[in-house]
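Please open the model in a viewer and keep the sequence at hand.

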Number of protein chains: 4
Amino acid sequence: MNTFGERLRLTTFGESHGKAMGGILDGMPSGVEIDMEGIQEMIDRRRTGVDPLTSQRRETDVPEILSGVSEDGFTLGTPIGFIFRNSDARSGDYSELADHFRPNHADYCYDLRYGRRDYRGGGRASARETVNWVMGGALAREWLALYDFDVEARLTAVGHVHYDEPFEFGENAEIGIAYNDDVEAAMRAEVERARSEGDSVGGRVSCVITGVPGGLGDPVFGKVQARLAQAMMSLNAVKGFEYGMGSRMAEARGSEVIDNFNEGFCPTPFSSNHAGGVLGGITTGMPIYFNLRFKPTPTIGRPVAMATEDGEIDIVQARGRHDPCVAMRAPVIVEALSWMVLGDLMLQQQLVIS
Amino acid sequence: MNTFGERLRLTTFGESHGKAMGGILDGMPSGVEIDMEGIQEMIDRRRTGVDPLTSQRRETDVPEILSGVSEDGFTLGTPIGFIFRNSDARSGDYSELADHFRPNHADYCYDLRYGRRDYRGGGRASARETVNWVMGGALAREWLALYDFDVEARLTAVGHVHYDEPFEFGENAEIGIAYNDDVEAAMRAEVERARSEGDSVGGRVSCVITGVPGGLGDPVFGKVQARLAQAMMSLNAVKGFEYGMGSRMAEARGSEVIDNFNEGFCPTPFSSNHAGGVLGGITTGMPIYFNLRFKPTPTIGRPVAMATEDGEIDIVQARGRHDPCVAMRAPVIVEALSWMVLGDLMLQQQLVIS
Amino acid sequence: MNTFGERLRLTTFGESHGKAMGGILDGMPSGVEIDMEGIQEMIDRRRTGVDPLTSQRRETDVPEILSGVSEDGFTLGTPIGFIFRNSDARSGDYSELADHFRPNHADYCYDLRYGRRDYRGGGRASARETVNWVMGGALAREWLALYDFDVEARLTAVGHVHYDEPFEFGENAEIGIAYNDDVEAAMRAEVERARSEGDSVGGRVSCVITGVPGGLGDPVFGKVQARLAQAMMSLNAVKGFEYGMGSRMAEARGSEVIDNFNEGFCPTPFSSNHAGGVLGGITTGMPIYFNLRFKPTPTIGRPVAMATEDGEIDIVQARGRHDPCVAMRAPVIVEALSWMVLGDLMLQQQLVIS
Amino acid sequence: MNTFGERLRLTTFGESHGKAMGGILDGMPSGVEIDMEGIQEMIDRRRTGVDPLTSQRRETDVPEILSGVSEDGFTLGTPIGFIFRNSDARSGDYSELADHFRPNHADYCYDLRYGRRDYRGGGRASARETVNWVMGGALAREWLALYDFDVEARLTAVGHVHYDEPFEFGENAEIGIAYNDDVEAAMRAEVERARSEGDSVGGRVSCVITGVPGGLGDPVFGKVQARLAQAMMSLNAVKGFEYGMGSRMAEARGSEVIDNFNEGFCPTPFSSNHAGGVLGGITTGMPIYFNLRFKPTPTIGRPVAMATEDGEIDIVQARGRHDPCVAMRAPVIVEALSWMVLGDLMLQQQLVIS
């Protein structure tokens, strides 16, 4: 299943070291002005080869839009096809993977399921796929930016270095993600330490969505939190999703986490936001916020025990270029997925006869 | 959206205090013998009114199957329609909700979305809906029990009382859920304490799925963990989902959490199971395990500030009968959702030409 | 697949001689007043046992709505569950079908596909299923009647007796279906003749949809004509679908069938309507009209050669009660399917940013 | 909606005079050897610019496959992305269409729906889109050719010149499509006559699918005939679909069109095939055959009355290059759609537990 969303639908293709990645975004409204610079800016944030702490594979990643946008830059309402040519794909780096499965990678499972796989760079299972998602999200953002939506995701933990409280609440339940130069530096240092030791390290990404009107979300099986969870758990290394007060809710008493209504629902419907902007699967009009936990990538700078198809174990040092902390590059992808979920929600507003 | 699943599809209906709950399970294989006792046993586990610590609404909940099963008890491959008549529905208990929204309930959001709602007992947003899910899962189990699948969910934390390690690993990465009489008693005491104080309390449910063959799951957007997360986040009070080593992965180094292959993939493919039975979105053949965090129900035995449609705030003591810890009754629902996800996965096996 | 529609979705269940037929209509707007008399009137038009020329099975067919409608009769926006209890189901009539396949019935194919079947009255393949469709269409009509839509279907041919031109065009491309007492009487006589000879006879049903706004329909694979064709070909005995000038278009020159624009698109966009109200898969704002061709039912009042599961041929006289001309009862079903297609189209209007 | 099929899903994009046409075929089995020559051969059959009687736009139409196929030419089970660059697109030919709607074209309706359109060559509504469909069908054929399926479509009528009986039946209900040099020549002459008179002409395409196993098709709303009808009615100029004896069934008696079982279901299940290979929506194991009626293209070589956006009428001679008989190039498209329907049916076989 290579389609995401119900009404705003992104269908994607591409193997990491194949000819191209690409996708089709179907369901966009017509008449949305597409600013290619804004789109490129999101794609560039995802790019490897820039920050010395991320994979040194240099991806140019300039999308070619093939349809769905008029010559003067407005969406036609027809499907938007796009491709990213794969370049700088050093397939030779992966020759040892032709007949070896790496532990904690998708190799073994793809072989179980498909009977064959493109082993180069992880093939279809590669995080390279997420360039398509960022494109989809960037296109959705062009539309949704016409409203007051905003989405922001940040890295808020690396290994044991973390913001104690990743979310900061202000008046009227305003919310932001924690930022502090010292913690940022400490997190980067933790990534550098893992890299220098030939290891990798996990992390946490926090995300806040603001400006969301109340009444979005389609119960029973289309709840906002279920859509977000499905989206975020599609990201390869994500091992956990929690929204609002999340896991801490499990230790709380009901009386501690009630969000009281503001009189007249002003200036915001509730005076606090333990709920995380969603009740009964429908948006409340308060900000949505959630945390993701990422595993450390299993590709590390040391030899590991790989298995052949016959189950023989060989100690192999994987070549290729990898990220010591995959969570570092994830925020823009989390934002892109959020934009796509928001677009889908907007297209599913309930028709009310009155 | 009231349909769950793609190939094994459960479509449901019902307001808590309407005439009936019910659903249609479409996609079941033909020829599955349906043991109504086994189904009733699952439904009974969900029932309120039995354990003194759960809601005292007495639900009889005997399903009436209307189609899809032959007179001698085998599935026909056609859709299975079923209903549960609603009884013991004291609508009068909810009269104050006709013109009040409860905080942290779906009332306000349903009104935003639909412009009207059945306020009695939460209407469509009620946890009563989950009786349909248990029916769907129980039917799926009848089929899947023909293989070696097993699904077990348990309550493993209430408030601050919890099993430190909810999962226990044995040899060959065997796995079970922690059980200890003292902790169980302490958890029940914690629920009783919340109830007696007119409060509610959150909790954690842990689940293990065993016997799963490798190769199930449909990347990129149909990953096993994404399906499970979507399913579980559809359960009203769930605030967080994590699988495998989950959140702890975010603090780990890659070298610490690698699962090494067993030689010859025997007796199990890996010698450990940090991954949680899924890699690249596809099952590895190792057990799948995950945790859910539940919020404390916002309905408590004390007056709370409710809002009228006009935004006036009134202090109201909700009547009706409720659970002090909604996580307590959740394990069978979590199992049911798991069975449905498994059924869907089984029907999506990849066709391999060789 | 027992679901029809994408956004207005009808999911159905039921075997002809099982406990009940039923369905779930999901996607209805909230706030639609439901007039049960209007619904019953549509259901009654479908009923057998009334006209002496249709099957003498007496179906009472009063729907029980179980959810989705408020006590004061307005849709809640939640799924509408409904059932029809099966009564007057003389299963004994079908005992010879337990081990025989009838020619030109679904028996043999259901056995091929499912390995088993409910042979009583055709089981899931029975036209009894269409009571669910009429219910779905009647509910959709309650909503769409708020606009200016109208749908009318009539029997316009029985065997060789037919209206030469089933559609009558007036000024401004107004359109109606032919009606003439003599032809009606001749068609009824033709049905009676077939019945008295222990035979059955085919027919044609014509349908006109008026009041449709322009701009509905979702190319490329969601064209209005493709949706209508899919809907209508789902009706058991339908062997052909044509819309607008239909088959006669194949013999025409382009210059003969051009529909010229009216100046200012007034009073209608086109001055003629060869196209049948759809261009490029999108409604033009002109009436939609189409013809269906029905086969004669293969159940006739004479012994026929049936096959056992082992392929032995036995001459058997089927009992049971059947229609000599299934097209006679079809118009209300055709209307119901049309209403559902219209509902779906209305929920898929393109979002245009300007 | 730009996706066709449920399990074998083709999602397409492209405006006639945009950068490229393209699509993603998702759901293909893994391990299918792809013979690019076989695919190109199908694409070439669709090509314009070859036969002097078809449009003189020269389409090179060599697909570039971007993913989903291994370097040694086997499907990976992952989505197959492909594009066709648009070349020889003389947009200048269409300048008069920038502010005119052509009668009986999609122009006016696209404007109603989307508020804007790519007017060049019909944009998204152009028959150029069908190059994507042929690619999808050609890929499906690579897989299905491993079984005994065969699909053949032919032009069997042009205007009033036609084969009286487009299908020829042999022993054991063998079936072929009529072929006769004289009729072929007469049909071509009819096209030439229309062209020389600056006109266009309608036609009929007949199609036979052989080698289909019994038991395919998914009632109630996934009947084989409903899928075929939906597919074929998606083709721009198709105005009618009939299968088996089709429209003639409407004039027949039941006793005349019964297909008797062969003893032991050998050599074929039935001794005749009025039904057209489908009963109850499920394949019988007999050949499937159907007819399509095509309208004459509204683009003719004479001035026609076009409308401006404001509803003013101008007499304009459309430039651009067009087919005098669009049915002529349709057979390969009809075959391609049939292959895709077959692929979808194959992936929906019922799971039977026994």
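Select strands β11 (residues 238-243) and β14 (residues 288-294) of chain A: the two pair in the antiparallel sense over five bridges. The model is a predicted one. Within this pair, Gly240(A) stands opposite Arg293(A), a residue of β14(A). Colour β11(A) by burial next; the strand is mostly covered, with six of its six residues buried.

Which residue of β11(B) is the bridge partner of Phe241(A)? The partner is Phe241(B).

**Chain A as a whole**

Chain A has six helices and 16 strands. Its radius of gyration is 21 Å, close to the 20 Å that the globule rule gives for 354 residues, so chain A is as compact as a globular protein of that length. Taken along the principal axes, the box filled by the C-alpha atoms of chain A is roughly 65 × 50 × 35 Å. Of the 354 residues of chain A, 66% count as buried. Among contacts in chain A between residues at least 6 apart in sequence, 71% join residues at least 24 apart.

Turn next to chains C and D, and show their strands together. An open sheet of ten strands is found here, with antiparallel pairing and the order β7(C)-β6(C)-β10(C)-β14(C)-β11(C)-β11(D)-β14(D)-β10(D)-β6(D)-β7(D). Its edge strands are β7 (161-162) of chain C and β7 (161-162) of chain D, each of which pairs on one side only.

Within this sheet, select strands β6 (residues 150-158) and β10 (residues 203-210) of chain D. They run antiparallel and are joined by eight bridges. Ala153(D) stands opposite Cys207(D) of β10(D).

Return to chain C to see the helices that accompany the sheet. Helix α4 (residues 181-196) of chain C lies across β6 (150-158) and β7 of chain C and runs at about 60° to β6(C). Helix α6 (residues 330-346) of chain C also packs on the sheet, where it touches β6, β10 (203-210) and β14 (288-294) of chain C. The direction of α6(C) makes about 145° with that of β6(C).

**A five-stranded sheet in chain D**

Select strands β1 to β5 of chain D. These form an open sheet of five strands in the order β1-β2-β3-β5-β4, with antiparallel pairing. Why is one side of β1 (3-4) and of β4 (64-65) of chain D left without a neighbour in the sheet? Both stand at the edges, each with a single partner strand, so one side of each has no neighbour in the sheet.

Two bridges join β1(D) to the antiparallel strand β2 (residues 9-13) of chain D. In this pair, Phe4(D) has Leu10(D) of β2(D) as its bridge partner.

**The contact between chains D and B**

Finally, display chains D and B together. Chain D has 13 residues in contact with 13 residues of chain B. On the side of chain D that touches chain B, eight residues are nonpolar, five are polar and none is charged. A rotation of 180° with 0.0 Å of shift along its axis superposes chain D on chain B, with an RMSD of 0.0 Å. The two copies are therefore related as by a two-fold rotation axis. The same surface serves both copies, since 100% of the contact residues of chain D recur in chain B.

Note on methods. Residues numbered from 1 in each chain as written. Chains lettered and ligands numbered in written order. Predicted model: local features only at pLDDT ≥ 70, side-chain atom pairs only at ≥ 80, totals over all residues. Pairing = 2+ DSSP bridges. Helix = DSSP H or I, 4+ residues; strand = E, 2+ residues; numbered from the N terminus. Buried ≥ 20, exposed ≤ 12 C-beta atoms within 10 Å, placed from the backbone. Least-squares fit on C-alpha atoms with pLDDT ≥ 70 in both. Contact = placed C-beta atoms within 7 Å. Nonpolar A, V, L, I, M, F, W, Y, C, P; charged D, E, K, R; others polar. Rg over C-alpha atoms; globule rule 2.2 N^0.38 Å. Axes fitted to C-alpha atoms, helices over the stretch in contact; angles between N-to-C directions.
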